[in-house]
Every structure is written in C-alpha cells, then in structure tokens.
Amino acid sequence: MSSPAYLAIDAAMLSLKDEYIRTNPQSAAAFADAKRAGVAGGTNRASIFYPPFPLTFVDAEQATAVTADGQRVTDFLGNFTAGLFGFSPQPVKDAVSHAMDHGHALGGGPNLYAAKVAAKFTERFPSMQAVRFTNTGTEANSYAIHTARAVTGKNKIMVYDGAYHGAWIHGGKSAGPLDTPYEKITVPFGDAELIIAAIAEHAEDLAAVIMEPVMVNPMVYLKQVAPSDYLARIRAACDEFNCALIFDEVMTSRLAPGGAQELVGVTPDMTTFGKYFGGGLPFGGFGGTRRWMERYDPMHPQTINTGGTFNQNAICMAAVDAVFSHLWSPQQCVEHNAKGAWFRDEINKLAKAYDMPCQACGTGSLITLIWQHGPVVGGNESGVALTLATTAAVYAAPQLFWLHMLQQYNILAGNPKLNYLTLPTVLTDADYQHFLAGLVAGFVTYKEALTQLACETATAQM
Ligand SMILES: Cc1ncc(COP(=O)(O)O)c(C=O)c1O
C-alpha cells in the first residue's frame, strides 16, 4: 500500500476524505446513535456501509435525496436497482394509499391483487406459467432452489465462484457463516466447457444451476451480455442431466421487457425477481413452467407446503401492480435502457478523448465504471473472459471518484466501493449532463493519480 500509485491516490483522497467528515457531522452522529441504540453494527445492511460512516438520508423525491446534513444529491446509484423509479413514485404512492385505506394487509388472506400481478408476470415472461410471491430476492432464490431440489429429488446446486444470490446464498469464496449449507458445486464464471463437464460429473445429485443470465463478475457487478452460445450450451446440459436452470433476474430483468433471458435468447426453467418490481417496497417472486410449479397447488398429492405471512400482502402487491401499469411498460423499459446505452457511450467517448483508464461497462441501464485501460471483457464461442487489472484498481479509484462527484457535483456515483450506476428512470437530461461535466472535471483533476494506479495494477497483473 505504499507504492507510488497508492501514494498518489492517497494524496488525492486525503482532502476529499477530510471534507467528507467535516461536512457530514449529522450522518456521523446518526450512525453512532444507531450503534449506541442497539442496531448491531450500526446498520441492517452491510452492503450500504462504508467507512468511516455512511451518509444518512432524511428526505427524498424523484431523483434527489437530502442528507442528514442538508446536502441535496442526485442519485445515480438507484439503490442497487431497487430504486429504478426514483423516490416515492406517485403511482406507487397512490396504489399503496388505496390499499392502506381498504383493509391494509387484508389479514394476509387472499386478495384480488395477486392474480392481477401474476397475470402480468406470466404475460411479460413467457418462460413462466405460474409464479409465487415472496418479500425479498433472497427468499425468491431460496424458494427456487428448494423447488428444484424437491422436483428433481436431488440435492446439490451449482453456482459461480463469488456469485451473489442474496443474503445467504453466495458462491465459493464469498460464502460466509450465514450461508445456507447447500452442497454447492462452485464453477468459475465464463468457461462453458468446464461448467458442462461439472454438470455431467455431478449429474446424479445436481438439482439446479443458478446464475444471472448476463455476465456477472462478483466483484464489480458487471452485467454484460454473454455470447449466446455460452448460455445455450449450459441450457442443453441442464436438459440432458435433468437439473433446473434458474435465472436470477432480481436485477437483470430490467434490461428488456422480457428480462435478460429475452436478450440472451435462452429460456430458464425458473426465474426469480425482486428489487425494483416493488416500486421501492419489499418484493420478491419466482416462477417457472408447470413441471416446476405444480406442486405449489395445496391440493396436489405431493404439495410443497409453504408459509410466508406477508407473501402476496395487499400493499406490496398493489405497488407491483402500479409498477406494471404505470411505470414499466415494455416501451418504458426499452426507452430507459436505450438511454443507459447512450450514457455509457458518452462516458466511454469522454474517457477516450481524455485518454483516461476508465470504461463504462454493462448493458442498458446497468453500468459499472471500471478504472483500467485495456479490455475488461473478452471471450470466444466457448465462453467469456474477464480481465480485471486487480482489486486495487477496482476499489481505490471508485472511492476517489465517488467522493469527487459527491463533493463537487452533488451526485451519488454508485457508492465508494463501486461506481455501480443502476440508472433510475427519473434522471433528467440535465442530470446526465451534470454527471458528464463532473466526470470530465474528475478526469482533469485526478488524471495523474488514476493513470498511475491503472499502470501499476496492469503491470502487477502481467
Ligand atoms: C442478483 C441478486 N439476487 C438476489 C438478491 C437478493 O435480493 P434481496 O436483497 O431483496 O434479498 C440481490 C440483491 O442485491 C441480487 O443482486
């Protein structure tokens, strides 16, 4: 950590970090208070913690959030895809208010919303004939995995090394003590030959392969369409060896009207959802063809008995209904992702013009900034290769850029760990232009530090 590149980054960051602490005393106090009051670790969501303390927000509307210290910031993070429609979208407010006025959660009993919402899912995602609703994406993935195990009578699941499918479903090196003790076969992302060989090897006891249908690198949330042959071959292997192919579309379903499965042209057995479909409220769901879902019929002789007090609760169902009806038509989806593609191109053009080690990667409205020269994504017909310089470039540069954008441009450019921009629909043209102006200013101010870091990490990789 004492190399010239780190010294350069550290020096550049020193005053930004000091300013962050100096200008956010209320956020610091709020975090300390939460800890003192008994919130374990001061937060209920480790992914939104960053040292020395995260920003606390007290108000928000459309694309603007207000911090506890009164700074008004434009949100390009979008709550890691859950905030797709900005803060407090009106149609969701109206629908929730209506539901609140008419029996609240309706005692958890059947309501008229569930069928409406299910019909919208099965219409939008032809791979599903039936769905079930949950409260989070983690639950949705757990249900889908358990469904595969129940239907196939097999036990093991296959995941990418480092993958994230929820609070207790990680792949390989990112698994922790909370992980559900599934017997996991961990495979590296991108190597179709190897994955197919592993499916064949474990066929006798492999219930499911779970993955995001666009390329994902665990460290950098890189959502990039893989060569279609790659996924098609995995699909064929799942068919041959009778295991479920589960697409986790908690994030990626926003990339096309029919989800990322429409983009890649591969049909999964089951799909899972969450995040933005709740319009900001808790939501999850999963579904598939009859083969996988029929045992959820309580009258089925081998029914899968499930509880879930708040599954299909009226308030969240009303919110999802409003999302489908008012905020996320196929056309709105296509237009928003086209805007994302435009924005990514603009960033890349500027990076080229200023000869900066910066690349906007991703698909549609999901963008990750990677701070390196040279290709990030490569591959051939057998698979996809990622070439990330090192974790240093992945983590140090985003923090510098995030602080710069926050303090000079009142913009949330992802978070300090990752410049992950899951663009909300409520961003205006002026917001995008303001971001690009901040980007250029960052290029000019920090060129030396960022270039040095990129050169050093590239050398370290060779
Ligand atoms: C791909 C993916 N799957 C599942 C989840 C879990 O969703 P939730 O946080 O609603 O449990 C996430 C959350 O970030 C995710 O990114």
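Colleague: Which helix gives the most to the shell around the ligand?

Modeller: Helix α5 (residues 137-152) does, with 3 residues. This is a predicted model, in which local features need pLDDT of at least 70 and side-chain atom pairs count only at pLDDT 80 or more, while totals for chains, interfaces and linings use all residues. Residues are numbered from 1 along each chain as its sequence is written. Helices (H or I, at least four residues) and strands (E, at least two) are DSSP runs, numbered from the N terminus.

Colleague: Which residues around the ligand come nearest?

Modeller: A residue is near a molecule or strand if its C-beta atom, placed from the backbone, lies within 6 Å of it. There are 15 residues around the ligand, and Thr136, Gly137, Thr138, Gly166 and Val250 come nearest. By class, the shell has 5 nonpolar, 8 polar and 2 charged residues. Here Ala, Val, Leu, Ile, Met, Phe, Trp, Tyr, Cys and Pro count as nonpolar, Asp, Glu, Lys and Arg as charged, and the others, Gly among them, as polar.

Colleague: Which residues of helix α2 are buried, and which are exposed?

Modeller: An α-helix has 3.6 residues a turn, so residues three or four places apart point the same way. A residue is buried if 20 or more other C-beta atoms lie within 10 Å of its own, exposed if 12 or fewer, and partly exposed in between, with C-beta atoms placed from the backbone. In α2, Ser27, Ala30 and Phe31 are buried. These residues lie on the same side of α2 because they cover an arc of only 95 degrees around the axis, the arc being that of the directions from the helix axis to the C-beta atoms. On the other side of α2, Pro25, Ala32, Asp33, Arg36 and Ala37 are exposed.

Colleague: Against what do the buried residues of α2 pack?

Modeller: Two residues are in contact if their C-beta atoms, placed from the backbone, lie within 7 Å. The buried residues of α2 pack against β2 (64-67).

Colleague: How many residues of domain 1 and domain 2 are in contact?

Modeller: Domain bounds come from an automatic or database domain assignment, which gives domain 1 (4-76 + 330-461) and domain 2 (90-327). Their centres, taken over C-alpha atoms, are separated by 28 Å. In domain 1, 26 residues are in contact with 24 residues of domain 2. Helix α11 (330-353) is among the elements that each supply at least two residues of the side of domain 1 that touches domain 2. By class, the side of domain 1 that touches domain 2 has 14 nonpolar, 11 polar and 1 charged residues.

Colleague: Where do Phe80 and Thr81 lie?

Modeller: Phe80 lies in the loop between β3 (72-75) and α3, and Thr81 lies in the loop between β3 and α3. Phe80 has a positive phi of about 50 degrees although it is not a glycine. For Thr81, also not a glycine, the positive phi is about 90 degrees. Phe80 counts as buried because it has 20 C-beta neighbours inside 10 Å. Thr81 is buried, with 24 other C-beta atoms within 10 Å.

Colleague: Which residues does a cis peptide bond join?

Modeller: The cis bond joins Pro51 and Pro52, with omega about 0 degrees. Pro52 is found in the loop between α2 and β1 (57-61).
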